[in-house]
Amino acid sequence: MVFGTGPIGLLTIAALKMVGAGRVWAVEPVAHRRDMARMMGADVVLDTAVHTGDPVREILEGTARRGVDVAFDCAAGQDTANQCIAALARAGRLVYTAIPAGILMPFHAPGLRKKEVTFHNVYRSNHQTEKARDILASHTNLFAPLVTHSRPLEEIGDAFEVATNYSDGVGKMIVAPAEV
């Protein structure tokens, strides 16, 4: 399960499909990002607004109450890590790639303990830039849907406004200097 389908979540979905992951669930409140999650390969896409802010119930129903083996929190929402924990199967893995706004984060300790959840925190890329570039280059068709917009450098103000407000269906935007 990938909770949050901003650029990191979308890349996570594509990478999971690239390595042969089975059913990939995506959870996202922003409509155009849900559409992008489908384009990137998510098998099931849940809208947190439609699922009353608790998509865990549907995930558990869709997995015969077992839960998912791995949950990626790419959202850093107020309770997204705990929703990931609740959606995990026993001995599941929580991969935390999100950047939380606050310093402290509450975790549902009984869920972590009773399910024997393994927590993996991801910080930066650990000198994997060249490998990431090579993967992107060799699987361009898989990752291409993420880049949705481009603007010349002269329009950088508009570029930031569109990206900041998640408007116009923006995924990633390329800002480049004018050609000489």
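Select Tyr166 to begin, a residue in the loop between H8 and E8 (helices, H or I of at least four residues, and strands, E of at least two, are DSSP runs numbered from the N terminus). Its phi is near 50°, a positive value in a residue other than glycine. The model you are viewing is predicted, so local features need pLDDT of at least 70 and side-chain atom pairs count only at pLDDT 80 or more, whereas totals for chains, interfaces and linings use all residues. Residues are numbered from 1 along each chain as its sequence is written, and side-chain values use heavy atoms, with hydrogens and water left out.

Now widen the selection around that loop. Strand E7, residues 147–152, pairs in the parallel sense with strand E8, residues 172–176, over 5 bridges (two strands pair if DSSP finds at least two bridges between them). Within this pairing, look for Arg151, which stands opposite Val175 in E8.

Next, select the open sheet, in which 6 strands follow the order E3-E2-E1-E4-E5-E6 with parallel pairing. Its edge strands are E3 (44–46) and E6 (118–121), each of which pairs on one side only. Helix H4, residues 80–87, packs on the sheet and touches E1 (2–3), E4 (68–73) and E5, its direction making about 150° with that of E5 (contact means heavy atoms within 4.5 Å; axes are lines fitted to C-alpha atoms, for helices over the stretch in contact, and angles run from 0 to 180 degrees between N-to-C directions).

Stay with E5 and examine its two partners. On E4, the pairing is parallel over 5 bridges, and Val68 has Leu88 in E5 as its bridge partner. The chain passes from E4 through H4 to E5 in a right-handed β-α-β crossover. With E6, strand E5 (residues 88–96) runs parallel and is joined by 4 bridges; here Leu94 has Phe119 as its bridge partner, and Val95 stands opposite His120. E5, helix H5 (residues 109–115) and E6 also make a right-handed β-α-β unit.

Finally, select helix H1, residues 7–18, and helix H2, residues 31–40, which pack at an angle of about 20° with their axes 9 Å apart. That angle makes H1 roughly parallel to H2, the term covering angles under 35 degrees. Show side chains for the contact, which is made by Pro7, Leu10, Ile13, Ala14 and Lys17 of H1 and by Arg33, Met36, Ala37 and Met40 of H2. The residues of this contact divide into 7 nonpolar, no polar and 2 charged (Ala, Val, Leu, Ile, Met, Phe, Trp, Tyr, Cys and Pro count as nonpolar, Asp, Glu, Lys and Arg as charged, and the others, Gly among them, as polar).

Definitions and conventions. Angles under 35 degrees count as roughly parallel, over 145 as roughly antiparallel, 65 to 115 as roughly perpendicular and the rest as oblique. A crossover is right-handed if, with the strands pointing away from the viewer, the path from the first strand over the helix to the second runs clockwise.
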